[in-house]
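Subject: Structure handover

Hello,

Here is the structure you were waiting for. My notes follow below it.

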Amino acid sequence: MLGGMRRGVGVLLVLAACKRAEQPPAPAVAPPPPTIVVDAAPPPPSEVDLLYAVPAVVAVSSLVANPAIQPYDLVDQDLATAWNSRTGDLAGAWIAFRVPADARISALKLTVGFTATGPEGDYFTMNQRIKRVRISKLDKTKATPITEVDLDIDNRNLQTIPFVQPGGDYRVELVTLVPGSKPRWREAAISDFQVIGTAPSGAPNLTIKVGSLDGPEYEPPVVIDVQPVQSAASIEQYCKDNAYKSFRPGKTDHTAPPCGQVAEGAPVAWPSGWSTTFFHTSWGEYDADCTLALRIGSSLYMLENLGTSCGGASVFKWCDGRHSVTQLGPWTAITTMHYTSHDQNIFDSETEGADEQLRICSTTGGDLACSEPITIGRLTCVGWGSGEPGADGLELKTTATRLNVAIANNTLTLTLGQVDGPLDPDIKAGAGRWPIVRR
């Protein structure tokens, strides 16, 4: 009985084991869903001054009659300069600008006056300052006002006007101005103006105009530009720094003076307080070139290329060349001779050519500044025989075309003067009037 029970249990265990073996396998684990990577949003485009990032046009209503001031001064990003309107063009004066339609403007920046200081004092407080402006959208037929903004006339920094607009044509009109401490200064002045925004693609190209966005591009006037003159510690150091040679390579039939050798110089009267020394610097065709060491106070300045033999004992005295120093108001006019040619033929005749050159100089502010040489005369001198004029049968024939020099109201006027012999067309073409500007 007991044995039968054990057999029965064994059978049940075997059946149970078989049933477990016949169960289906566990289902497979589903794979994880794919990971989706989302790129980060691109950073917003950086903001720039659109006037220097895209093809742009800036126009101003007018320009003061001072050749030292240009409309470029409005947008040169230099607070030491400023655009000035025509005298009397105050309320109603304007700045207009054009940027591409796909540009995006966010703000305008400008100063309310001329922020620099100068010899006269603080230009910011002396000049007119802008208290209120009106900004309008321009089209071909009208100006549509968008906003009016008050500005801080005591803040000399760039002031920001929020101005969210698409690209196009716009005008900033001066509505209210406050006079400065110089009531006779009746010009609107702005040291800097910027159009801030995001730029589309395109090469930058800024064009400046006066009077209209659609007018011709502004052409700066030709001026007599008076620039600072090179200074030096001494004549010896000047020669060393400039590596002047004591002779011209290949020239062997004359003995050249070394750089620094004092020359006779032109017999002219220099202004009081000017201590002058002429000295040789380089070897020319027949004589050394000349430099003037000019001491004013404790400073030593070098005027270069003043002519062969410094206008002293040379063949040019035959030609009666002009060597002069003339005070014309605040300007000093220095005229010297500049050697141009020499020829000697088998008939023992000599031809000398020379240009008379003018420099306009100034010591305003203490430092010497001079213009580049301006040719105001041309001479040709032909001699036969030998010796000094009037000796040994020497005969001279001189031709000359010269301009007369006048300066008034900071303007140089050159008019046709002496004409001996054929008229030199190049000298005649040099006549005219030009403003003088000291930088």
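A residue is called buried when its relative accessible area is under 20%, exposed when it is over 50%, and partly exposed in between, using a 1.4 Å probe and protein chains only. On that scale, buried residues account for 42% of the 439 residues in the chain. The model is predicted, so to speak of a local feature a pLDDT of at least 70 is needed, and side-chain atom pairs count only at pLDDT 80 or more, while totals for chains, interfaces and linings use all residues. Residues are numbered from 1 along each chain as its sequence is written, and side-chain values use heavy atoms, with hydrogens and water left out.

Overall

The chain has 4 helices and 24 strands; these are DSSP runs numbered from the N terminus, helices being H or I with at least four residues and strands E with at least two. A contact means heavy atoms within 4.5 Å. Among contacts in the chain between residues at least 6 apart in sequence, 63% join residues at least 24 apart. The chain exposes about 23,300 Å², of which carbon and sulfur atoms supply 55%; accessible areas come from the Shrake-Rupley method with a 1.4 Å probe, and for residues only the protein chains shown count as cover.

Cores

A nonpolar core is a set of buried Ala, Val, Leu, Ile, Met, Phe, Trp, Tyr and Cys residues joined through side-chain atoms within 4.5 Å. The largest one has 39 residues, and Leu74, Phe97, Ile105, Leu108 and Phe193 have the most contacts inside it. At least two residues of this core come from each of strand 2 (55-60), strand 4 (94-110), strand 7 (129-138), strand 9 (159-178) and strand 11 (193-198). Strand 4 gives the largest share, 7 residues. Beyond its neighbours within four places in sequence, Phe193 is in contact with Asp49, Leu51, Leu74, Val75, Ile95, Phe97, Lys109, Leu110 and Val172. A second, separate core of 17 residues includes Val229, Cys290, Leu292 and Cys370.

Disulfide

The structure holds 1 disulfide, meaning a pair of cysteine sulfur atoms within 2.5 Å. Cys361 and Cys370 form it, with their sulfur atoms 2.0 Å apart. The torsion about their S-S bond is about 110°, so the disulfide is right-handed. Cys361 is buried at 0% relative accessibility, and Cys370 is buried at 7%.

Helix 3

In helix 3 (residues 235-242), the buried residues are Ile235, Tyr238 and Cys239. Seen down the helix axis, they fall within an arc of 95°, so they line one face of helix 3; the arc is that of the directions from the helix axis to the C-beta atoms. The face turned away from the buried side carries the exposed residues Glu236, Lys240 and Asp241.

Two single residues

Asp424 sits in the loop between strand 23 (411-420) and helix 4 (425-429). Asp424 is buried, with a relative accessible area of 16%, and, leaving aside neighbours within four places in sequence, is in contact with Arg378 and Thr401.

Thr326 belongs to strand 17 (residues 324-328) and is partly exposed, at 34% relative accessible area. Not counting residues up to four places away in sequence, Thr326 touches Trp331, Thr332 and Ala333. Thr326 and Pro271 are 55 residues apart in sequence, with 8.5 Å between them in space, C-alpha to C-alpha.

Regards
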